[in-house]
Amino acid sequence: MAADSRITNALFSAIDELNDIRPQDQQLEKSLDTVLFGQDGKLDSIGLVSFIVAAEQKIAQETGRSITLADERAMSQKNSPFRTVGTLADYCSMLLAEGE
Amino acid sequence: MPVEFLLNRFEEAGDRPAIVWQDRVCNYRTLLERTRYWQEWLERGDIDRGTVTVLEGDFSPEAVALLLALTSHECIIVPMTTAVELKKKEFIETADGEVSFVLDQEDRAEVRKLSGRGQHELYDELRERRHAGLVLFSSGTTGKSKAILHDMVRLLKKYHVERHDFTTLAFLLFDHIAGMDTLFYCLSNRSCLVTLQDRSPDAVCRAIEKYRVEVLPVSATFLNLLIYSEAYKRHDLSSLKYIAYGSEVMLQSTLDRCAQLFPGVTILQKYGTTEVGTLRSKSRSSDSLWVKLGGEGFETRVVDGMLQIKAHSAMMGYLNAPSPFTEDGWFITGDTVEQDGEYYRIHGRACDIINVGGEKVFPTEVEDFIQTLDNVAEVVVYGEPNPITGNIVCADISLAAHEDAAECIRRIKRACAANMQPWKVPVKVNIVDRIQLSERFKKMRRPDDYAQVKG
C-alpha cells in the first residue's frame, strides 16, 4: 500500500515534534524505514506513547479526521503497526479508509 | 545472625549458579566467599554497627554480598540504582547517610564517607533492637518521596520457609521492595537470579532464552511492550513457567492476549506496597484479575471500598512523614478494591496519582514545576488512560499574556524534558482560556470531577 502524502507529512511532523525534546544522539530520521519500536527500535515506552499521541494530533490536523492509533485493535494485529514509520503509515491509511 | 540461614543454604548450594551478571555466572560458593569477605572487612574496619550505609549498585554479586554483610553488621542500608540518579542527593539527605559503597562497572566497591550523621529516632529504635534496617523510597502525596524504614530482620523472616527453586529474571529494581523480594526469594531457595543491563523487551527475551528463565516478574506495562515489540516471536521462551505481574492495574485485554500468547505459562498477579512488603498471592486463573492475598504474617480487610493490610513485616515508619497506620496497626493502601469471598479485584489508586507504566506521578509535582515557567498563569495536570503505559500525563495551561500556542507548547515541553524524569513530562499540553475549578475552588483533574459539577 502506498502511503498517502498527507499521512507521511503528519508522521514526519510528529517526528519533528519528538526530536525537539530528544537529545542530539537520539534523533529520529524522517524516513518510512525508521524503526520505531521492537528490535533495534529507537523508542522506549514513553517515547512510543509520545510519538503516537503526536501522530494522532498531526493526522487530525492534516486530514481533519480523528483516529485512534493505540488501542486493543492495534494490539491484536498479527504484525505490530508500530514497527516502522512505514507500517504505521499503512495502518493509518487503513483506519482512514474504513471511516470513509 | 539474621543472614546465617541464607549463608547455610549457599554452602549447601555450592557450585550451583546464584547470579548471572553481565553474562558472567557467579555460583553460590563464590557469593558465600564474597559475603564472608565483607563480613570480616566490616568487623575489622571503621564502620560501626548501625551506620546508615548507602549501597549504590544493582543486582551484581558484589552488591548482593555487601547487602548481606551489611545486614549482619546491623547497618541501616539504603540501596540506590542509577534509575534514581536525579533524586540521589535528596534521598541521601533524607536518609542522613553516613557512608556509601559505590559499585562500578567491573563490580568493584568503593567506600565513600558522606556528610550525614545517621540520626533519626526510628534508627535509634532499630539500633536498640540490634537489627539491620532497610530504607526504600516511594512517592509522597506532595510529590516529595517518602523514605520508608524496614526492620531487615522482620523483612527476612518470611524467607526462612523454603519454597520452589526457579531460575528467575531480576526485572524489578534493586531499590524497590518488589526487587528485594525477587532477590531474597531466589537466594532463600538456592535459585539462579538472572540480571539485566537493559530492560527492553528484546533484551529480556534474549536473557530468558539464553539462561532458560522460568519465572518472569514484571509490571503490567512491560507485558504491553512485550506484545507490541513482538520480541516473543524472535526468541525461544519455552522455559517460562510463570509470569508474575504487579505494581499497577492490569488491563483485561493485555492479560487475555498474554494468556493466548503463552498458553503453557501460569500468569500470576502480585500485590505489595513499599510500606508492608509483598504479600503472597494466588490468581483465580491465568486470565483472571481476581486475586487472593495474604500469606503468613499478613491480614487484609476492606474499609470504605479501600484495601487495608496488617503485616508483621510492615515498615517501622516513614523517616519524613507521619505514620500512615490506623490506631490498631492497619495500613491504608489507598487502592480501591472489589471483594468476592476470598478474592479481590484491584481497581487502582483512589486519589489523583497518575500511574505511568508503574511509575507514580503526582500531579502537584509536575504542576509545581510548570507553574514556575514564564507566562504560565495556571496549570492543571491530570492523567489520561493510555493502552500502552496505562496512563499518560496531560497538562492544561492558561497563559498570562498572549503567545503563539504551538511555540508555547514546544517551550514548555522542552523545559519539562530537561528537568524531569521522562515519564513525568506531559505528553499532551493544551493551552486553554481558563482552568476549570470546582465549587470549592479546587482544580478539577479527573473526568469524574467534571461530571459531578455538570451533573
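This is a predicted model: local features need pLDDT of at least 70, side-chain atom pairs count only at pLDDT 80 or more; totals for chains, interfaces and linings use all residues.
Two strands pair if DSSP finds at least two bridges between them.

**Entry 1**

I looked up B:Leu55 and found B:Phe101 of S5(B) standing opposite. The two strands concerned are S3 (residues 52-56) and S5 (residues 99-103) of chain B, which run parallel and are joined by four bridges. Next I checked the whole sheet. Seven strands of chain B make up an open sheet with mixed pairing, in the order S6-S5-S3-S4-S7-S8-S20. Which strands stand at the edges? They are S6 (109-113) and S20 (317-318) of chain B, and each has a single partner strand, so one side of each has no neighbour in the sheet. A reminder to myself: strands of a sheet pair through backbone hydrogen bonds, either parallel or antiparallel.

**Entry 2: the helix across the sheet**

I then followed H3 (residues 61-72) of chain B. H3(B) lies across S3, S4 (76-80), S5 and S6 of chain B, and runs at about 170 degrees to S3(B). From first C-alpha to last, the twelve residues of H3(B) reach 17 Å, close to the 16 Å expected at 1.5 Å a residue. Is H3(B) buried or exposed? Twelve of its twelve residues are buried, so H3(B) is largely enclosed by the rest of the structure. The buried residues include B:Pro61, B:Glu62, B:Leu66 and B:Thr71. After H3(B) comes B:Glu74, with a positive phi near 60 degrees.

**Entry 3: a hairpin and some positive phi values**

I went to the hairpin of chain B next. S1 (residues 17-21) and S2 (residues 24-27) of chain B run antiparallel, joined by four bridges. B:Pro17 has B:Asn27 in S2(B) as its bridge partner. The hairpin has two residues between S1(B) and S2(B), and B:Gln22 in the turn shows a positive phi of about 50 degrees. I also noted B:Asp23 in the loop between S1 and S2 of chain B. B:Asp23 is not a glycine, yet its phi is positive, about 65 degrees. B:Asp23 has 11 other C-beta atoms within 10 Å, so I put it down as exposed.

I found another such residue at B:Asn375, where phi is positive and near 65 degrees, again in a residue other than glycine. B:Asn375 sits in the loop between H12 (363-371) and S25 (376-386) of chain B. With 13 C-beta neighbours inside 10 Å, B:Asn375 counts as partly exposed.

**Entry 4: two single residues**

I picked B:Glu209, which belongs to H8 (residues 201-211) of chain B. B:Glu209 has 16 C-beta neighbours inside 10 Å, so it counts as partly exposed. Leaving out residues up to four places away in sequence, B:Glu209 touches B:His235, B:Asp236 and B:Leu237. I checked its distance to B:Arg49 as well: the pair is 160 residues apart in sequence and 43 Å apart in space, C-alpha to C-alpha.

My other pick was B:Arg434, in the loop between S27 (428-431) and H14 (447-454) of chain B. B:Arg434 counts as exposed, with 9 C-beta neighbours inside 10 Å. From B:Arg434 to B:Val379 I noted 55 residues in sequence and 9.1 Å in space, C-alpha to C-alpha.

**Entry 5: domains of chain B**

I looked up the domain assignment, which gives domain 1 (4-348) and domain 2 (354-454) for chain B. Taken over C-alpha atoms, the centres of domain 1 and domain 2 of chain B are 32 Å apart.

**Entry 6: where the chains meet**

How many residues does each chain bring to the contact? I noted 25 residues from chain B and 17 residues from chain A. On the side of chain B that touches chain A, H9 (220-229), H10 (231-234), H11 (252-261) and H13 (405-419) of chain B each supply at least two residues.

From chain A I looked at H2 (residues 45-63). H2(A) has 19 residues and reaches 27 Å from first C-alpha to last, close to the 27 Å expected at 1.5 Å a residue. Its buried residues include A:Ile46, A:Phe51 and A:Lys58. The buried residues of H2(A) pack against H1 (5-20) and H4 (85-99) of chain A, together with H9, S25, S26 (390-399) and S27 of chain B. Just after H2(A), I found A:Gly64 with a positive phi of about 75 degrees.

How values were computed. Residues are numbered from 1 along each chain as its sequence is written. Chains are lettered from A and ligands numbered from 1 in the order in which they are written. Two residues are in contact if their C-beta atoms, placed from the backbone, lie within 7 Å. Domain bounds come from an automatic or database domain assignment. Axes are lines fitted to C-alpha atoms, for helices over the stretch in contact, and angles run from 0 to 180 degrees between N-to-C directions. The expected span of a helix is 1.5 Å times one less than its number of residues. A residue is buried if 20 or more other C-beta atoms lie within 10 Å of its own, exposed if 12 or fewer, and partly exposed in between; C-beta atoms are placed from the backbone.
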